[in-house]
Amino acid sequence: MAGAGLKRINLFLSLFVVFAALFTQPGCWDQREVERLGLVLATGVDMAPGGRIKVILQNINPSAMARGVVGAGGGGGGAGAGKPYSNRSTESETIFEGIRDLSRQTPRQLFFAHNQVILVTERLARERGLEEVLDFFERNPQVRRTTWFLIAKGDLETLLDEPEPLEQIPAQRIFDIINEQHLTSRYAARRLEDFLEMMESDGTHPYTAMIERIKNPAAPPEHRNRLAEGHLAEPHQTIKINGTAIFRRDRMAGQLNPGESRGLLWVKGEVRGGTMEIPNPGQKDRTVTLEILRTKTKLEPALRDGRIYMKVAVKVDSNLAETTGPLDLSKPETINKLEKLQNGAVQKEIESVLAKAQQEYGVDIFGFGQAVHRKYPRQWKEMKGRWSGLFPGVEVQILVDSKIRRTGMITKPVEPKQR
Amino acid sequence: MTVKQSMFRMFKKATAKTKVDSCRDGRQPQSGNLKIIPVASSLGQNLKILDSLLGRNTDIIFRRFRLGLAGREEAAVVYADGMIKTEAINGDIIKPLMLESRMAGLGAGRGNLPEFIKNSVLSASNVMEARTMDGVVNGVLYGSAALIIDGHDTALVIDSKGWISRGVTEPESEVLVRGSREGFSETLRVNTSMIRRRLRSPGLVLEDMNIGRVSRTEVTIAYIRNIADPALVEEVGRRLGRIDIDGVLESGYLEELIEDSPYSPFPQVLHTERPDRVAAALLEGRVAILTDGTPFTLIVPSEFISFMQSPEDYNERYILGTAVRWLRYLSFAASLLLPSLYIAITTFHQEMIPTHLLISLASAREGVPFPALAEALLMEFTFEALREAGIRLPRAVGQAVSIVGALVIGQAAVQAGVVSPLMVIVVALTGIASFINPAFNIALTMRLLRFPMMLLGATLGLFGVMAGILAILIHMSGLRSFGVPYLASLAPLHTGDLKDVAVRAPWWAMKKRPAETGKANPRRQPPGLKPSPPEPGGTGG
C-alpha cells in the first residue's frame, strides 16, 4: 500500500521534472517579443558601383505611429513622437549579406513577413537584370510571395521619403495606392509570385508597374514656408504609379504608357474598372466618359496553314458616367452608337500595345505562348524554342462587345437654357 | 500497524467510560453493535442503555410518565429537542396516552399494548415499531420521538420531525431570466417534494439510503421507472453503497467517491440546485442523487455537453437558445485558449497578425519590461486573486475589491507601463468568457487548464497550443461518466442527438431522448406535434 503510493509519487515527480525541463530548457529558440521586431515595410534594391548591390529598407517606428491611438493614456504625449519610419541602406555583394549587415545599424531584429512592397530601380532592371536580386526574395521564408513588386524610377532614398499626411509610411502609401488599381486600370502592378511565375514561364514575359516621383500639381506656386505658423504647405513632390515596365526574360526592355498598360490588361482580362473616353456622337468635339463595370477576355489561338492566329474577344459592361455636349439618351440608337464607339476605343488601346510589344520590342507579355501551349501542347514543344521569333508574326483579331448598362441619375445632359 | 493499534487502544479507553461496550469491532463506536442490542422489556434498563448512549447530551429529553387511568403502566418518551414539533409531542403523543387513553380503555389487552397504542391511541401519521436500540437511536437523532413502555420489548418510533430550516429561495448559483424561481434547500424532504411536484407520476421513484458512519446522512436516489436504465440505477446504488466514510456534509463528497476518473480535471457529475433541471434530467433517463443538508443535487451520467446547457435554453424560444448555445461554445474555447493563443501568436507567429494590428501591438508593448508570458501570468494571477477575493468577502467589502481591481489593473498598471493594454483586454475577455459558462465546475476546469496551455503557447508556439488541445481532447474522449462516454453525442457521434447539441431543436422536434441515457425508453413524444394554422376550408379549427 505504502509502496504503491511512493511509486506513484515518484512517477509524478519524474513527470514534473520532465515537464519543468521541457518548459525551461528549450530556451524558446524561435521566440521573439513583438516590440523587439524591426518591422520592414519596404525593401528596395539599387545598383551600386563595382557590381555591388545597394539595399534599402524601410523600418517603422511603432510607438511614433500609434501615438494617440493606443498610448492615449499618456494624455499629453508631448515628448516628440518622432518620425514614424526610418530608412536604412547599405552596399553589399548580395541582398542577404546587406540585410545582415544592416543589423549593425538597427536596434531591432529585422522582420520581413510584413514587407508590403519590393522596389527595384529601373537602372538595375535595365542594365543588370533581376536574376541576381530575385533569388533572395523567393528563397527567404519571411518574404511573402504576395508582396507587390514594382520598378522604381529614380532614387529609392527620395522615393521612400516623400511625406504624405494620410498615410505616413511611404511603403504603406504605395501599397494602398496599388490596392486602388481597379479605379483606373492604367498600370499593371504584379505581385512577386506572379512576376516570378511569368519570368520562369517560356510562354510569356514579365511586366510590372513603375513608380516615380512627380512634381506635385497641388503645391502652391508661390511656395512660402509657413511652418512657423504651424502650417505645412503641400510638398513640391509626390509619388505616382505611372505606366508599366516590360521585360525580356529578367531584363527590362521598355515601358508602356498608361493607355498601353490598359491595352495589356484588356488582353490579360484584368481590367476591373476605370474610365473610357469616347467622342460624343451628338457633337464630335465633345467627350463622353464611361465607367467600366466588368470585363471578360477570351484568348483563342489557332494554327492554320503554318500561321498563328490569336482571337482576343473582350466583353465590356460599362455605365455612362459623364457627358459634355448634347446627347439624347432616350433613343436606343444613341446607346448603340456609344457602344460601337467604346468597341473602337478598346480596340485602339489593345492595338497600341500590340504594336509596341510585337513590332518594337518583340516580347510576348500577353501570354500568347501560354495560350498556344494550352491548346496545342504537341506543336508547342516544337515552337517554344523559337517563340520570340514567332510572336511578332502572330495575327491578332480583336473582337470587342460593349454593353452600356445604366446612364446615371439623369437622362438629359445638363444644358443651360437660353432665351 | 502500531499506529493503528495505539489509536485503537485510545478509542477503547475513551469509550469504556460509557460502560456500554460499543466498540467491539473498533470501527463503529457509535452504532455498530446497536443492532444487536434488543429493546429490553424493562423500562429502567432501556433508559439506562439510552442514557449511557445519549444521556450526556443536553438536547435529548427523557420524559417519563404513566399511562391511563390506573397509572399502572410506566412509559417514557425520548426525543431530541429542537428537531421535533413540540405540539406534536404534546398533543399527538403525550396527551392521548396520559388523558385520552382512559376513555379508550387502555390496559384491556395488556399483551399487545404497543400495537394497541399504535393503532388506537397515537394520532401521529408515521409510527414504526423498533425492537433494537439501533432503530430507537436513529429515530431519536433524526427528529422522531421514541415511546418506550415498561414491560414491553417493542419501542414505538413516532415521526415528529420539525426543525427550523432555510426556506425555498431562488437558486443563487443558477439564475434564470425565464424559469422557475424555486431552488433546492437543505432539507431533503422539501427537495424531494419539489421534484415530486414536477413529476406527478407513480413512475418517479425516490430510494433512500444512509451514508456516513457518523453523519448518517440521508441520500435519495431519484429516477423514473421505465425511463431510466435499470442497470444504471443499479450501478448508482452499488457505487453509493460501497461508500464508507465518516461524514457526508455536501454532495461534493459523494461526487468524488462515485466518479469514474478521479484524477481527471474534468467534472463528470453535474450538480444543480434547480428542481426543474433535475426533473428534466430524470425525463432524459438520468438518475439524480439528493443529499440531505445541501441544496446541490447530483445528476448522473453527465456528458461534457450537458455542462454547456442551461435550463434557460429550453425555456426561451429555440432560435435564441441555439444562438446562445453557440455563444457559449465559443466562449468556452476562448476561456481556455485566448491567453495562450495571444502569447503564441505574438511571440512566435508575428507574420499571422495583420500589419496594422502588429504595429499597434508593438507600440503597446513598447516599454513593457516583461515577456508576454510573464505579463499574462501576472495578469491572470491578479484576475484570479480578485475573483476569489470577491467571492469570499462580505458584499459591502466586495465592491471595494472590484474598484481596486478595476483601477489597479485596468488603469494604473497600464499607465505605469507594467502591462500592455492589449493584455488587459485579453485577460478581461477571458474572464468574461469563463463567466458565460452555465456550469461553475467546468469553468473552474478551464481556469485551471488555461495555465498549462499558456506555458505550452509560450514555449512551443501554436504547435504547443495544438499539442495541448490534442492532449485535452484525447483525455476527454477517454473519460466516462457512469459508463457514458464523456464526449457522447459527438464522439461517439449520435446524429439524432445533435438536435440538442449543435442547435436547440424546438420542442415539437425533440421526439427522442438522448441516445446514451434514453436507451430503455427512447421515444419522448409522438411525431406531428408541430403547430400549424388550420387548413383553409378544412375541418380543423
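Tutor: Two residues are in contact if their C-beta atoms, placed from the backbone, lie within 7 Å. Keep in mind that this model is predicted.

Student: What makes Leu150(A) a contact of Ile211(A)?

Tutor: Their C-beta atoms lie within 7 Å, so the pair counts as in contact. Neighbours within four places in sequence are left aside here. Ile211(A) also touches Ala152(A), Leu159(A), Ile174(A), Ile239(A) and Ile241(A).

Student: Why is Ile211(A) called part of a nonpolar core?

Tutor: A core joins buried residues of types such as Ile and Leu through C-beta atoms within 7 Å. Ile211(A) belongs to the largest one, of 168 residues. Ile211(A) is among the members that touch the most others, as are Leu39(A) and Val287(B). H16(B) gives this core its largest share, ten residues. Another core, of 34 residues, lies apart from it and includes Ile93(B) and Met133(B).

Student: How do you know that Ile99(A) in helix H3(A) is buried?

Tutor: Buried means 20 or more other C-beta atoms within 10 Å of its own.

Student: Which helix gives the most to the side of chain B that touches chain A?

Tutor: The contact takes 23 residues from chain B and 23 from chain A. On the chain B side, H12(B) gives the most, with nine residues.

Key. Residues are numbered from 1 along each chain as its sequence is written. Chains are lettered from A and ligands numbered from 1 in the order in which they are written. This is a predicted model: local features need pLDDT of at least 70, side-chain atom pairs count only at pLDDT 80 or more; totals for chains, interfaces and linings use all residues. Helices (H or I, at least four residues) and strands (E, at least two) are DSSP runs, numbered from the N terminus. A residue is buried if 20 or more other C-beta atoms lie within 10 Å of its own, exposed if 12 or fewer, and partly exposed in between; C-beta atoms are placed from the backbone.
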